[in-house]
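Dear colleague,

I am handing over the structure below, and after it I set out what was found. Please read the notes with the structure open beside them.

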Amino acid sequence: MNTVVLGLQWGDEGKGKAIDYLAGGFDVVTRFQGGHNAGHTVYYRGQKVVLHVLPSGIFYPDCLAVIASGVVVQPLQLVDEIRNARALGLTLQNLALSENAPLILPFHQQLDVIFEDSRYQRIGTTRRGIGPAYEDVVGRRALFVGDLLHASAFRGKIARLAEYYNRLFAAYGHPAEDLEYAVQRYLEAGEFLRPHVTDTTRLLQESWQEKKKILFEGAQGSLLDINLGTYPFVTSSNTTIAGVFSGTGLSPKAVDRVVGISKAYATRVGEGPFPSELKDDFGALLRARGNEFGATTGRPRRVGWLDLVALKHAVQINGVDDIFLTKLDVLDDLAEIRVATAYEVDGERRAAFPCHAEALDRVTPVYQALPGWQCSLGAIERAQDLPRAVRSYIDFIETFVGARIRYLGVGGERRQTIEITD
Ligand code: IMP
């Protein structure tokens, strides 16, 4: 079954672990959006590995790992990531990189930092140039991975783009930087990547026709979607199901199942509304227990209760079939677990999730308290051994959001996953 795996919150749901758990049965694993703003933490042969752009398929020698055309690529970073993966003993002969993936260029990173440091647009981005790179795509100025393979044409294209950016930088009081060194390094990276560069849309189409099993690996989370997230505090791609099709060139008919990943609580990095946020000592305790520090930037994550209003929104917009609920063990000691079940705005109760940040800023969550299980879940392997309180907690969530919880994460290891089949 071709399966899409998506984050249902603001990213960092534990997709790395979930995808790693699911990836074993697939012939193809493809990333379709985002870039090296993502950080998927997995354990390979007992070692912690953080993947940023490489798909989880790289761990399986018979699996084709695809970076499709919806992903923005910083070639120097990708070369580093490939070298690090090779140092782990992985050959990466099974890696395909789209010739049509837009490039993240030095200007993009510079502009991301300029905007973040200005008082006009502080989003709390990863400062990796993701937003400006996607801006160039919709502005019809972008350069692509395939451009790196034609040195003299690349030099001409980037010089023309530099004229545009230098005018912009001058307006912000930043001097133009000498590009020659960067151009040289980009071209070297292009040569390094050349054996992997291909038409991934054709490759994926062929894989689908040959009935190979495809896993679509989402990055970030649904509430960070450029169109359906908490705008403007979002990333610049479609992190929801829509991104699968524009980002790979496959049709909706190629998807059989959608698995949504959610933590048993909520976290967010960067700015933006977070109605169920816990700003107190208890929040700090959850942060410490869940080790909630960014895989990409090391930033402490904001922490809060699971918000079922937001989760239902994410389940509905993505058509989620099964939920993978991660980090349930972080709640092990709690006598009472809260979940937000409605929002109050100006004294009125609302069931719907308002996307735009200004509306969301005005809501106060209404909580339902559920009994905790107060025992350690880490060693449980079978669903039938789960405490009754965990079962009731799961039932409550499933009924509220309208999707079933199929997997539970109860620890960092791949084996600390409980599959509920009944
Ligand atoms: P950008 O993607 O770097 O432009 O950042 C935009 C917003 O998305 C910021 O709030 C980031 O913290 C957030 N973000 C981007 N990538 C991730 C991720 O992989 N996990 C969690 N948050 C992310």
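Leaving aside residues up to four places away in sequence, H196 touches R86, L92, L95, A96 and L97, where contact means heavy atoms within 4.5 Å. The side chain of H196 also reaches the backbone oxygen of L95 at 2.9 Å. H196 lies in the loop between helix 6 (180-193) and strand 7 (197-198), helices (H or I, at least four residues) and strands (E, at least two) being DSSP runs numbered from the N terminus. Because its relative accessibility is 8%, H196 counts as buried (under 20% relative accessible area, with a 1.4 Å probe and protein chains only).

This is a predicted model, in which local features need pLDDT of at least 70 and side-chain atom pairs count only at pLDDT 80 or more, while totals for chains, interfaces and linings use all residues. Residues are numbered from 1 along each chain as its sequence is written, and side-chain values use heavy atoms, with hydrogens and water left out.

The second topic is strand 14 (residues 336-345), which is largely enclosed by the rest of the structure because 7 of its 10 residues are buried. Strands pair if DSSP finds at least two bridges between them, and strand 14 pairs with strand 16 (residues 364-371) in the antiparallel sense over 8 bridges, with A342 having V366 as its bridge partner. Strand 12 (residues 306-307) runs parallel to strand 14 and is joined to it by 2 bridges, D307 standing opposite A340. Strand 15 (residues 348-350) runs antiparallel to strand 14, with 3 bridges between them, and the two form a hairpin with 2 residues between them, where D346 in the turn has a positive phi of about 50°.

With best wishes

Key. Buried means under 20% relative accessible area, exposed over 50%, partly exposed in between (1.4 Å probe, protein chains only). A polar contact is a pair of N or O atoms within 3.5 Å; within protein, one must be able to donate a hydrogen and the other to accept it, and residues adjacent in sequence count only if both atoms are side-chain atoms.
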